[in-house]
Amino acid sequence: MVIRICMGSSCHLKGSYQVVEKVKELGIKDLKLLGSLCFGKCERGINIEIDGKLFSNVTPENVKNIVKKFIKEGE
Ligand code: FES
């Protein structure tokens with residue numbers, strides 16, 4: 001699984017670093033965690049991409065559920 005987290009200035013200010021920490025806490029096996037340049041959708045940040053699928057309005061609070069749901073349902 002590859003998760004790319006936007007590290008652009010807008011998403012950074014909204015807490016993308018904390019999102020990275022939360023994803024790490026999940027302890028997912030074979031996870032490739034990458035930072036990304038701005039996705040160009042700052043108004044809907046924080047943006048992350050899981051296996052090429054874009055998720056917007058991500059927060060440190062909801063990211064774990066988003067990732068878990070993706071693993072369970074593939075979406
Ligand atoms: S800074 Fe994250 S989408 Fe632009």
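These legends describe close-up views of one predicted model.

Local features need pLDDT of at least 70 and side-chain atom pairs count only at pLDDT 80 or more, while totals for chains, interfaces and linings use all residues of this predicted model. Residues are numbered from 1 along each chain as its sequence is written, and side-chain values use heavy atoms, leaving out hydrogens and water.

**View 1. The buried face of helix H2 (residues 16-25).** Ser 16, Val 19, Val 20 and Val 23 are the buried residues of H2 (buried: under 20% relative accessible area, 1.4 Å probe, protein chains only). They fall within an arc of 105° seen down the axis of H2, so they line one face of the helix. The arc is taken from the directions from the helix axis to the C-beta atoms. Helices (H or I, at least four residues) and strands (E, at least two) are DSSP runs, numbered from the N terminus.

**View 2. What covers H2.** The cover of its buried residues includes strands S1 (2-6), S2 (32-36) and S3 (48-50). Helices H1 (9-14) and H3 (63-73) are also included. Just after H2, Gly 27 takes a positive phi of about 60°.

**View 3. An open sheet of 4 strands.** The order is S2-S1-S3-S4, with mixed pairing (two strands pair if DSSP finds at least two bridges between them). S2 and S4 (53-55) are the edge strands, each pairing on one side only.

**View 4. Strands S1 and S3.** The two pair in the antiparallel sense over 3 bridges. Arg 4 has Glu 49 in S3 as its bridge partner.

How values were computed: Buried < 20%, exposed > 50% of the residue type's maximum accessible area, 1.4 Å probe, protein only. Contact = heavy atoms within 4.5 Å.
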